[in-house]
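Please examine the sequence and the three-dimensional structure shown here before reading on. The text is intended to be read with both in view.

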Amino acid sequence: MSKLKSAVGLALSLLIAMPPGAFASSHREAPITALDHTADITDFYAFVSYDHPDRVTFILNVDPFLQPSNGPNYFPFDPSLVYQIKVDNNWDAREDVTFQFRFKTHILDAGLPVGYAGAGNGISAPANSPSPVAPGTPIVPPAITSLTGEGAAGLSLQQTFTVDMIKHDRHTELTNTTGSPLIAVPSNVGPRTMPDYDALAAQGIYNLQGRDGASDIRVFAGTVADPFFIDLGATFDSLNYRAGTGVEALTAAQDANDQLNSAPDSVAGFNVNTIAIEVPIRLLTSDGEIHAATDPKGTIGAWATTSRTEVTIRRSPSPMQNFGRLAQVQRFGNPLINELIIGTGSKDFWSMSEPVNDTQFASFDLDPLIARVFNTVYGFKIPTPPRTDLLPLVTYAAPIAPKGTPAGPIADLMRLNTGVPPTPMAQRKRLGLIAGDAAGFPNGRRLTDDVVDIVERVGIGGILSGPTFDVAPNNLLGDGVNAPDVPPQETFPYVHYAYSGRNSRHISPGDPTGCGNQPTSSSSQNSDAAPANQGGSAPCPVD
């Protein structure tokens with residue numbers, strides 16, 4: 001605690017200004033992205049890879065609340081956008097390493113009225129087919145079992161993408177080690193069209209290489225199950241929460257079970273578009289070396305952005321043209337900042353600003369309105385502003401960065417100490433760092449980190465400000481959703497593959513199957529037994 005307070009004291013002199021954003025996942029959180037959903041960054045994750053501790057995995061999710069059955073074109077990435085992941089490795093809140101992703105759409109069968117089609121070995125016209133289509137003429141292509149070549153005849157809407165790395169103003173194209181194009185994984189249409197979707201999706205994991213020794217990089221892009229978890233309905237119904245004690249706090253028993261959902265998961269059953277890239281730590285640090293957790297050079301800051309080109313020309317049937325300078329639409333560092341901390345009148349400006357200029361948003365962190373709302377609605381104590389206990393979330397400071405790390409400017413970055421090894425699955429804690437799990441949020445962010453509960457306890461309850469606030473209900477705040485509805489994978493790309501458009505449905509509160517359990521495809525990863533994270537077989541309470 002003393003280290004936290006000393007870091008706060010150093011940074012406080014920098015902070016007499018206006019609003020930042022530093023807390024939550026962002027599904028349609030700003031006016032501009034509510035209208036421009038393909039540019040909406042829903043979540044950003046950064047963590048040391050579980051099975052490759054010499055690498056970091058970044059996951060950028062965009063385009064929220066994708067209904068799995070919503071054909072016929074489903075959810076392609078936006079070719080007019082440039083998706084970027086940026087890394088600061090010298091504590092100045094400016095990008096030193098950037099990964100850029102651009103997508104291009106190809107319509108391979110212009111006569112097909114849907115984006116994807118297929119069944120079995122293909123279906124031909126029957127004996128009674130009227131002219132001019134002769135009996136035996138191929139009509140329905142074979143089921144889609146491959147992203148290219150044989151088995152991909154029904155993949156009419158195809159998206160390829162490119163990956164570029166920028167370091168020291170030097171652009172390096174990262175290409176598939178096989179020389180083949182990079183293809184985004186389409187949404188899971190259903191078992192007739194895509195009978196083994198997990199195997200199909202796994203084909204979208206590519207190994208990349210580039211000049212100057214860029215290697216051991218993996219990438220995946222496609223539609224997946226949204227890994228975020230939250231009771232959105234209760235949150236935005238003026239904090240009308242249903243779990244626990246009635247003051248937006250969990251019971252001790254609910255809090256102790258990291259796999260228990262005692263309220264509905266509003267994101268359950270929805271897909272999202274994801275870009276995942278695994279990068280050797282040596283490509284991210286300032287000196288190209290791997291450092292111990294006690295070495296300041298091992299701590300980086302990362303954030304994601306979406307940007308549009310100044311000019312887009314649509315002239316059918318000619319391909320879309322995009323050119324000109326980039327205009328940033330959205331950025332994302334820490335979860336729930338723009339969604340719950342930044343005032344609505346400043347959200348768009350914040351989204352288009354650079355993190356290095358976040359001092360202008362400091363007043364939102366120093367006296368968060370959301371904390372006062374909780375204080376008003378539920379009556380429990382909150383720290384007196386200025387909330388200096390929150391400054392370590394927006395500077396390089398303990399307990400994430402080691403002693404001797406320059407604090408740098410106030411900036412919303414996802415800070416990650418790459419020297420901290422990944423926590424084994426059995427010891428992982430959903431509450432991350434505040435529960436003693438050194439590899440969890442806010443030291444980076446993993447797919448299972450319960451950022452809603454963490455942010456509520458730290459940002460609203462003020463549990464880091466001293467023992468006066470590290471008590472119930474402050475240290476039990478939570479929405480009642482402790483885990484995602486389907487488990488992520490333990491290896492790259494970590495995300496759970498997309499829900500089936502044909503065979504999945506949203507679970508209604510009170511259904512006997514529990515809260516959020518999703519029937520999925522019949523193949524390996526999607527057919528894993530339902531995790532015990534839905535409160536067992538009991539239905540979720542809704543009142």
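This is a predicted model: local features need pLDDT of at least 70, side-chain atom pairs count only at pLDDT 80 or more; totals for chains, interfaces and linings use all residues.

Residues are numbered from 1 along each chain as its sequence is written, and side-chain values use heavy atoms, with hydrogens and water left out.

The secondary structure of the protein chain comprises ten helices and 15 strands; helices (H or I, at least four residues) and strands (E, at least two) are DSSP runs numbered from the N terminus. The chain has 543 residues, of which 57% count as buried. Buried here means under 20% relative accessible area, exposed means over 50%, and partly exposed lies in between, with a 1.4 Å probe and protein chains only. Among contacts (heavy atoms within 4.5 Å) between residues at least 6 apart in sequence, 70% join residues at least 24 apart.

A nonpolar core is a set of buried Ala, Val, Leu, Ile, Met, Phe, Trp, Tyr and Cys residues joined through side-chain atoms within 4.5 Å. The largest such core contains 87 residues, and those with the most contacts inside it are Phe-58, Tyr-83, Phe-99, Phe-101, Phe-103, Val-163 and Ile-277. Strand β2 (residues 55-66) provides the largest share of this core, six residues. A second, separate core has 19 residues, among them Ile-341, Ile-342, Ala-371 and Phe-374.

The next feature is the largest pocket. On a 1 Å grid over the protein atoms alone, a pocket is an open set of points with protein on both sides within 12 Å along at least five of seven lines, whereas a cavity is a set of points where a 1.4 Å probe fits but cannot get out; lining residues have an atom within 4 Å of a point. The volume of the largest pocket is about 710 Å³, a volume being the space filled by probe spheres set on the points, with grid points joined across faces, edges and corners. Its lining consists of 27 residues, and Thr-105, His-106, Ile-107, Pro-319 and Met-320 lie nearest the centre. Both β4 (97-107) and β7 (157-167) supply at least two lining residues each, and β4 gives the largest share, six residues. By class, the lining has twelve nonpolar, ten polar and five charged residues. In this classification Ala, Val, Leu, Ile, Met, Phe, Trp, Tyr, Cys and Pro count as nonpolar, Asp, Glu, Lys and Arg as charged, and the others, Gly among them, as polar.

Why is helix α10 (residues 451-460) described as largely enclosed by the rest of the structure? Ten of its ten residues are buried, so the description follows from that count. The buried residues of α10 include Asp-453, Glu-456 and Arg-457 as well as Val-451 and Ile-460. What covers them includes α5 (252-256) and α9 (369-378). After α10 comes Gly-462, whose phi is positive, near 70°.

Most residues other than glycine have a negative phi, and most peptide bonds are trans. Asp-63 is not a glycine, yet has a positive phi of about 70°; Asp-63 is found in strand β2 and is buried, with a relative accessible area of 4%. Leu-336 also has a positive phi, near 70°, and lies in the loop between β14 (321-332) and α6 (337-340), where Leu-336 counts as buried at 2% relative accessibility. A cis peptide bond joins Gly-71 and Pro-72, with omega about 5°, and Pro-72 is located in the loop between β2 and β3 (81-88). Another cis peptide bond joins Phe-441 and Pro-442, with omega about 10°; Pro-442 belongs to the loop between β15 (414-417) and α10.

Finally, Leu-200 is found in helix α3 and is buried, with a relative accessible area of 1%. The C-alpha atoms of Leu-200 and Ser-146 are separated by 5.8 Å, although these residues are 54 residues apart along the chain.
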